[in-house]
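Thank you all for coming; I would like to take you through one structure this morning, region by region, and I will say as I go how each term is being used.

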Amino acid sequence: MTGLEIGFLTLAGMMLLVWCGLHVAVALGLTSFVGVWLLKGDLGVATSMLAQGASDSIASHIFGVVPLFVLMGFLVSIADIGKDAFEVANQGLRRLRGGLGIATVAANAVFAAITGISIASAAVFTRVAVPEMLRYGYTPAFATGVVAGSSVLGMLIPPSLLMILYGFLAEVSVGAMFMAGVVPGLLLACTYSIGIMVMARLWPSYVGAPPEGDAAGVTLMGGAEMAAKLLPIVLLIAVVLGGIYAGFFTATDAGAVGAAGALAIALWKRKLDGKKFWQVLTETGHVTVSVSFLIIGASLYTRMLALSGVPQFLVGEISAAGFSPFAFLAIYILLIVILGCFIDSSSILLIVLPLMLPIATGFDMNLIWFGIVTIVAVEIGLLTPPFGLSVFVIKSTLNDSAITLRTIFMGAMPFALIMLLTLILLVIFPKLTLALL
């Protein structure tokens with residue numbers, strides 16, 4: 001067999017293994033090992049590649065950004081910062097139509113700026129926001145749909161675990177990815193809020209909120225209480241993102257500072273004891289090991305593809321076919337959205353990027369902008385059936401048989417469409433992504 005035949009065969013084998021339920025990192029590593037063995041005809045070379053790739057992919061100190069930001073996210077969740085942000089936003093927006101929905105989006109945007117994990121956002125706000133919205137007369141579809149839609153802000157507003165993963169795969173600055181995600185993240189939050197106000201006025205049967213808004217029954221907080229709830233959040237965001245933007249420290253330094261700040265907040269609020277701290281450390285270790293394993297698998301996969309010549313072949317074929325950059329981008333986004341219906345976000349990046357990055361580079365696309373477009377497209381998959389990871393997280397967190405998966409998926413669809421509209425704006429106007437760089 002030729003190198004191209006081996007490359008495409010291993011690609012098909014890897015997709016089949018993932019489809020059958022094998023962990024994506026194992027599938028990547030296994031097919032890459034077999035592919036190099038077939039390409040070189042030497043088991044020793046394949047074994048050496050496996051060992052060297054595993055070492056090189058996570059040996060850099062830059063990789064320390066992963067456990068630090070994950071630790072910060074878990075500590076923030078323990079400290080009830082999401083609940084505090086929601087309570088303040090609810091009071092400020094209570095008189096608007098759909099005010100609780102907009103408050104959920106605003107609080108999720110704040111929470112996203114100090115967590116970076118969509119699943120954590122979905123779980124926290126399912127407990128905090130959904131019961132409140134149901135109590136004030138919103139429909140179950142809208143209440144869960146708002147949480148599902150706004151949870152994706154966790155991967156777009158920095159710090160973001162997907163941005164970190166993309167930075168390693170594309171070999172671009174993680175700090176630059178963080179800064180590039182700020183404007184698109186705020187844009188998505190604004191389009192969500194506008195969409196909620198429009199739906200509350202034109203589609204009341206879907207929203208279900210009373211026409212006069214949500215002012216009745218809200219226990220008002222004083223200015224001092226609101227400031228006490230907001231101050232730790234504002235300080236943490238300012239230190240982490242402000243430090244990166246001002247050039248005071250790198251993304252890894254920011255992760256360390258953020259984790260220390262989150263720990264201080266959790267202790268100050270008396271939300272952290274020995275048992276919870278051990279749980280946070282254990283969960284951080286689990287996530288870090290999982291991400292490390294994925295990066296190792298992706299590194300091996302990229303090396304095998306380079307040896308086979310598949311990326312070079314695809315670049316040549318697309319150039320010969322006369323595709324424009326926008327035509328390539330449209331096909332790429334469609335592919336990602338379709339994959340998002342079946343596999344998780346990290347797996348999509350690991351499978352698709354080694355093939356598509358050389359093509360994007362060939363079209364002279366800015367890889368930072370390309371990364372943000374990729375992440376938004378990938379995140380649409382969190383809301384679409386049949387996989388819809390955020391939807392499943394909400395369902396399992398609710399533990400309410402009266403609210404079905406179908407209800408949550410239907411509630412999330414308007415927000416998936418709003419995400420698609422935002423994605424189109426980011427494609428048409430790249431400066432929205434690169435404004436802070």
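Let me begin with what counts as a helix here: helices are DSSP runs of H or I with at least four residues, strands are runs of E with at least two, and both are numbered from the N terminus. What you are looking at is a predicted model, in which local features need pLDDT of at least 70 and side-chain atom pairs count only at pLDDT 80 or more, whereas totals for chains, interfaces and linings use all residues. Residues are numbered from 1 along each chain as its sequence is written, and side-chain values use heavy atoms, with hydrogens and water left out.

I will start with two loop residues. Arg-270 sits in the loop between helix 15 (251-268) and helix 16 (274-308), and it has a positive phi of about 60° although it is not a glycine. For accessibility, I call a residue buried under 20% relative accessible area, exposed over 50%, and partly exposed in between, with a 1.4 Å probe and protein chains only. Arg-270 is exposed because its relative accessible area is 78%. Glu-171, in the loop between helix 10 (161-170) and helix 11 (174-180), is likewise not a glycine and has a positive phi, here of about 55°. With a relative accessibility of 75%, Glu-171 also counts as exposed.

Staying for a moment with helix 15, Ala-260 is placed in that helix and, at 46% relative accessibility, is partly exposed.

Which two side chains meet in a salt bridge? They are those of Glu-132 and Arg-135, at 3.0 Å from N to O, where a salt bridge means a side-chain nitrogen of Lys or Arg within 4 Å of a carboxyl oxygen of Asp or Glu. The structure holds one salt bridge, and its two partners both lie in helix 7, three residues apart, which is about one turn of the helix. Glu-132 is partly exposed, with a relative accessible area of 22%, while Arg-135 is exposed at 54%.

Helix 7 (residues 118-135) also packs with helix 21 (residues 389-398), at an angle of about 40° and with the axes 9 Å apart. That makes helix 7 oblique to helix 21. The axes are lines fitted to C-alpha atoms, for helices over the stretch in contact, and the angles run from 0 to 180 degrees between N-to-C directions; angles under 35 degrees count as roughly parallel, over 145 as roughly antiparallel, 65 to 115 as roughly perpendicular, and the rest as oblique. The crossing of helix 7 and helix 21 is right-handed, a term used when the near helix is turned clockwise from the far one by less than a right angle, with left-handed for anticlockwise.

Thr-139 and Gly-208 are 69 residues apart in sequence, yet 5.2 Å apart in space, C-alpha to C-alpha.

Helix 8 (residues 140-151) and helix 22 (residues 405-428) have axes that come within 7 Å and cross at roughly 60°, and they are therefore oblique to each other. This crossing of helix 8 and helix 22 is right-handed. Gly-149, found in helix 8, is buried, with a relative accessible area of 0%, and its C-alpha atom is 6.0 Å from that of Ala-412, 263 residues away along the chain.

Finally, the surface. Where does the largest share of the nonpolar patch come from? Helix 2 (residues 24-40) contributes four residues, the largest share, to a patch formed by Met-1, Leu-9, Leu-22, Val-26, Leu-30, Val-34, Leu-38 and Phe-293, with about 700 Å² of accessible area together. Patches are made of residues with over 30% relative accessible area and no salt bridge, with like charges joined within 9 Å and nonpolar side chains (Val, Leu, Ile, Met, Phe, Trp, Tyr) within 5 Å; the areas come from the Shrake-Rupley method with a 1.4 Å probe, and for residues only the protein chains shown count as cover. Val-34, which is found in helix 2, counts as partly exposed at 32% relative accessibility.
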